[in-house]
Amino acid sequence: MEKTNRKWTEKQITKLSNDRKEPPPEDVKLAAVAVSLNIRLRSADMPSVMQERALRLARELMDSSTSRRPNLTIMARSIKKEFDQLYGPAWHCVAGKSFGSFVTHSPGGFVYFTVDAYSFLLFKTEVQVITEDPPPPCRH
(Lines give C-alpha, C1' and ligand atoms only; values in the text may rest on other atoms or scores of the structure.)
Protein backbone atom coordinates (compact mmCIF):
# COMPACT_ATOMS: atom_id res chain seq x y z
CA MET A 1 0.00 0.00 0.00
CA GLU A 2 1.23 3.40 -0.91
CA LYS A 3 1.14 6.20 1.64
CA THR A 4 0.57 9.70 0.45
CA ASN A 5 1.99 12.65 2.31
CA ARG A 6 -0.31 15.48 1.39
CA LYS A 7 0.79 18.93 2.34
CA TRP A 8 -2.02 21.25 3.29
CA THR A 9 -1.87 24.80 2.14
CA GLU A 10 -2.89 27.61 4.48
CA LYS A 11 -5.85 28.36 2.18
CA GLN A 12 -7.10 24.75 2.44
CA ILE A 13 -6.77 24.72 6.23
CA THR A 14 -8.64 28.02 6.54
CA LYS A 15 -11.44 26.72 4.30
CA LEU A 16 -11.65 23.48 6.29
CA SER A 17 -11.91 25.32 9.62
CA ASN A 18 -14.51 27.73 8.19
CA ASP A 19 -16.61 24.77 7.01
CA ARG A 20 -16.93 23.62 10.63
CA LYS A 21 -19.41 26.16 11.88
CA GLU A 22 -19.83 26.51 15.60
CA PRO A 23 -23.40 26.72 16.90
CA PRO A 24 -24.49 30.21 17.91
CA PRO A 25 -23.86 31.00 21.61
CA GLU A 26 -27.61 31.20 22.36
CA ASP A 27 -28.04 27.61 21.08
CA VAL A 28 -25.22 26.42 23.32
CA LYS A 29 -26.81 28.21 26.29
CA LEU A 30 -30.23 26.67 25.48
CA ALA A 31 -28.71 23.19 25.29
CA ALA A 32 -27.06 23.73 28.69
CA VAL A 33 -30.37 24.90 30.17
CA ALA A 34 -32.18 21.84 28.77
CA VAL A 35 -29.56 19.51 30.24
CA SER A 36 -29.66 21.24 33.64
CA LEU A 37 -33.47 20.94 33.73
CA ASN A 38 -33.37 17.30 32.57
CA ILE A 39 -35.41 18.19 29.48
CA ARG A 40 -34.95 16.77 26.00
CA LEU A 41 -35.57 19.28 23.23
CA ARG A 42 -37.00 17.33 20.28
CA SER A 43 -37.73 19.95 17.63
CA ALA A 44 -38.09 23.71 17.45
CA ASP A 45 -38.77 26.66 15.21
CA MET A 46 -38.71 29.35 17.87
CA PRO A 47 -36.24 31.93 19.20
CA SER A 48 -33.98 30.55 21.94
CA VAL A 49 -35.32 32.97 24.55
CA MET A 50 -38.88 31.72 24.01
CA GLN A 51 -37.77 28.09 24.03
CA GLU A 52 -35.98 28.62 27.32
CA ARG A 53 -39.13 30.23 28.75
CA ALA A 54 -41.21 27.18 27.73
CA LEU A 55 -38.68 24.70 29.13
CA ARG A 56 -38.33 26.50 32.47
CA LEU A 57 -42.10 26.91 32.81
CA ALA A 58 -42.77 23.23 32.09
CA ARG A 59 -40.08 22.13 34.55
CA GLU A 60 -41.46 24.49 37.22
CA LEU A 61 -45.00 23.17 36.71
CA MET A 62 -43.81 19.57 36.79
CA ASP A 63 -41.82 20.14 39.99
CA SER A 64 -44.71 21.95 41.69
CA SER A 65 -47.09 19.04 41.11
CA THR A 66 -47.93 17.47 44.45
CA SER A 67 -49.25 14.21 43.05
CA ARG A 68 -47.26 11.38 41.58
CA ARG A 69 -49.12 11.89 38.33
CA PRO A 70 -49.28 15.57 37.31
CA ASN A 71 -52.44 17.07 35.83
CA LEU A 72 -51.29 17.58 32.25
CA THR A 73 -54.43 19.50 31.25
CA ILE A 74 -53.71 22.15 33.87
CA MET A 75 -50.05 22.23 32.84
CA ALA A 76 -50.90 22.65 29.13
CA ARG A 77 -53.41 25.40 29.97
CA SER A 78 -50.86 27.21 32.13
CA ILE A 79 -48.20 27.15 29.41
CA LYS A 80 -50.71 28.27 26.78
CA LYS A 81 -51.97 31.16 28.92
CA GLU A 82 -48.44 32.31 29.74
CA PHE A 83 -47.47 32.37 26.07
CA ASP A 84 -50.75 34.08 25.07
CA GLN A 85 -50.04 36.77 27.63
CA LEU A 86 -46.36 37.24 26.72
CA TYR A 87 -46.35 36.70 22.95
CA GLY A 88 -49.91 37.38 21.76
CA PRO A 89 -52.94 35.14 21.23
CA ALA A 90 -53.45 31.82 19.48
CA TRP A 91 -50.95 29.59 21.28
CA HIS A 92 -51.82 25.91 21.65
CA CYS A 93 -50.27 23.38 23.99
CA VAL A 94 -50.60 19.60 23.98
CA ALA A 95 -49.14 17.55 26.82
CA GLY A 96 -49.13 13.80 27.35
CA LYS A 97 -47.31 10.51 27.42
CA SER A 98 -48.38 9.38 23.98
CA PHE A 99 -49.87 11.40 21.15
CA GLY A 100 -49.42 11.95 17.47
CA SER A 101 -49.60 15.33 15.85
CA PHE A 102 -49.29 17.14 12.59
CA VAL A 103 -49.76 20.87 12.95
CA THR A 104 -49.36 24.06 10.97
CA HIS A 105 -47.71 26.82 12.95
CA SER A 106 -46.74 30.43 12.52
CA PRO A 107 -43.06 30.97 11.66
CA GLY A 108 -40.99 31.05 14.85
CA GLY A 109 -43.82 29.58 16.90
CA PHE A 110 -43.15 25.87 17.48
CA VAL A 111 -41.37 23.79 20.10
CA TYR A 112 -41.61 20.12 21.03
CA PHE A 113 -39.83 18.77 24.10
CA THR A 114 -39.93 16.07 26.76
CA VAL A 115 -39.92 16.61 30.53
CA ASP A 116 -39.43 13.39 32.46
CA ALA A 117 -41.88 10.92 30.84
CA TYR A 118 -44.18 13.61 29.39
CA SER A 119 -44.04 15.34 26.02
CA PHE A 120 -45.09 18.93 25.33
CA LEU A 121 -46.02 20.44 21.99
CA LEU A 122 -46.39 24.23 21.99
CA PHE A 123 -47.24 26.11 18.83
CA LYS A 124 -48.76 29.36 17.62
CA THR A 125 -51.28 29.87 14.85
CA GLU A 126 -52.31 33.04 13.10
CA VAL A 127 -55.43 34.88 14.22
CA GLN A 128 -57.38 37.02 11.81
CA VAL A 129 -59.65 39.63 13.34
CA ILE A 130 -63.12 39.69 11.81
CA THR A 131 -64.15 43.29 11.16
CA GLU A 132 -67.51 42.65 9.48
CA ASP A 133 -70.67 41.02 10.71
CA PRO A 134 -70.88 37.40 9.65
CA PRO A 135 -73.32 36.55 6.84
CA PRO A 136 -76.77 35.36 7.95
CA PRO A 137 -77.19 31.58 8.32
CA CYS A 138 -78.51 29.67 5.32
CA ARG A 139 -82.14 28.55 5.49
CA HIS A 140 -83.37 25.52 3.63
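Me: What is the phi of Asn-38, the residue that follows helix 2?
Reply: Asn-38 comes after helix 2 and has a positive phi, near 60 degrees. Helices here are DSSP runs of H or I with at least four residues, strands are runs of E with at least two, and both are numbered from the N terminus. A word of care: this is a predicted model, where local features need pLDDT of at least 70, side-chain atom pairs count only at pLDDT 80 or more, and totals for chains, interfaces and linings use all residues. Residues are numbered from 1 along each chain as its sequence is written, and side-chain values use heavy atoms, with hydrogens and water left out.

Me: Why is Arg-59 called buried?
Reply: Buried means under 20% relative accessible area, exposed over 50%, and partly exposed in between (1.4 Å probe, protein chains only). Arg-59 has 10% relative accessibility, so Arg-59 counts as buried. You will find Arg-59 in helix 3 (residues 48-64).

Me: Which residues of helix 2 are buried, and why are they on the same side?
Reply: They are Leu-30, Val-33 and Ala-34. They cover an arc of only 100 degrees around the axis, which puts them on the same side of helix 2; the arc is that of the directions from the helix axis to the C-beta atoms.
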